[in-house]
Amino acid sequence: MASANELMKIAAAMGIVSLLLFTLVLIAFSNRAIQPIIEAEKRQKEFITNAGHELKTPLAIIETNTELSEIISGETEWATSNKQQVARLTRLINNLISLARFDEQPEMTIATIDASAAV
């Protein structure tokens with residue numbers, strides 16, 4: 001009976017040690033497996049930001065050319081349409097850049113305020 005108890009204690013100790021070793025190995029390999037995903041996300045955000053800035057330059061030129069055309073020949077339906085589309089694309093690009101930078105902002109804390117006391 002004493003040898004059976006000793007065997008159970010050794011088996012339990014080996015089980016706990018092997019569980020700890022397995023956990024450490026799993027942590028080490030999971031960090032290595034996730035690293036490419038983190039790098040890909042970082043490169044994607046950089047690409048979106050860079051592409052947004054590169055798209056803003058031609059839009060600024062189109063907007064300037066449209067305004068110059070309006071000064072020279074007056075306001076036309078085409079010039080108005082061009083200005084509206086440039087404004088729309090500029091908003092879309094700004095939203096895209098804002099979404100790419102969303103995770104870079106510090107965490108916000110939401111708190112309730114007493115509006116009556118504030119007024």
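**Helix packing and salt bridges in a predicted model**

Threonine 49 is found in helix H1, where helices (H or I, at least four residues) are DSSP runs numbered from the N terminus. The structure is a predicted model, in which local features need pLDDT of at least 70 and side-chain atom pairs count only at pLDDT 80 or more, while totals for chains, interfaces and linings use all residues. Residues are numbered from 1 along each chain as its sequence is written, and side-chain values use heavy atoms, with hydrogens and water left out.

At 14% relative accessibility, threonine 49 counts as buried; buried means under 20% relative accessible area, exposed over 50%, and partly exposed in between (1.4 Å probe, protein chains only). Not counting residues up to four places away in sequence, threonine 49 touches Ile97, Ala100 and Arg101, contact being defined as heavy atoms within 4.5 Å. Ile97 and Ala100 are among the buried residues of H2, together with Ala79, Val86 and Ile93. These buried residues of H2 pack against H1.

Helix H2 comprises 24 residues (residues 77–100), which at 1.5 Å a residue should span 34 Å; the end C-alpha atoms are 35 Å apart, in agreement. The expected span is 1.5 Å times one less than the number of residues in the helix.

Side chains of opposite charge can pair when their charged atoms come close. A salt bridge is taken as a side-chain nitrogen of Lys or Arg within 4 Å of a carboxyl oxygen of Asp or Glu, and the count by this rule comes to two. In one of them, the side chains of lysine 83 and glutamate 70 meet at 3.3 Å, N to O. Lysine 83 lies in helix H2 and glutamate 70 in helix H1, so this pair ties together parts that are 13 residues apart in sequence. Lysine 83 is partly exposed at 34% relative accessibility, whereas glutamate 70 is buried at 14%. The side chains of glutamate 41 and lysine 45 also form a salt bridge (3.7 Å, N to O). Both of these residues lie in helix H1, four residues apart, about one turn of the helix. Glutamate 41 is partly exposed, with a relative accessible area of 38%.

Glutamate 67 is located in helix H1 (residues 2–73) and is partly exposed, with a relative accessible area of 38%. The C-alpha atoms of glutamate 67 and threonine 80 are 9.5 Å apart in space, the two residues being 13 residues apart in sequence.

Methods. Helices (H or I, at least four residues) and strands (E, at least two) are DSSP runs, numbered from the N terminus.
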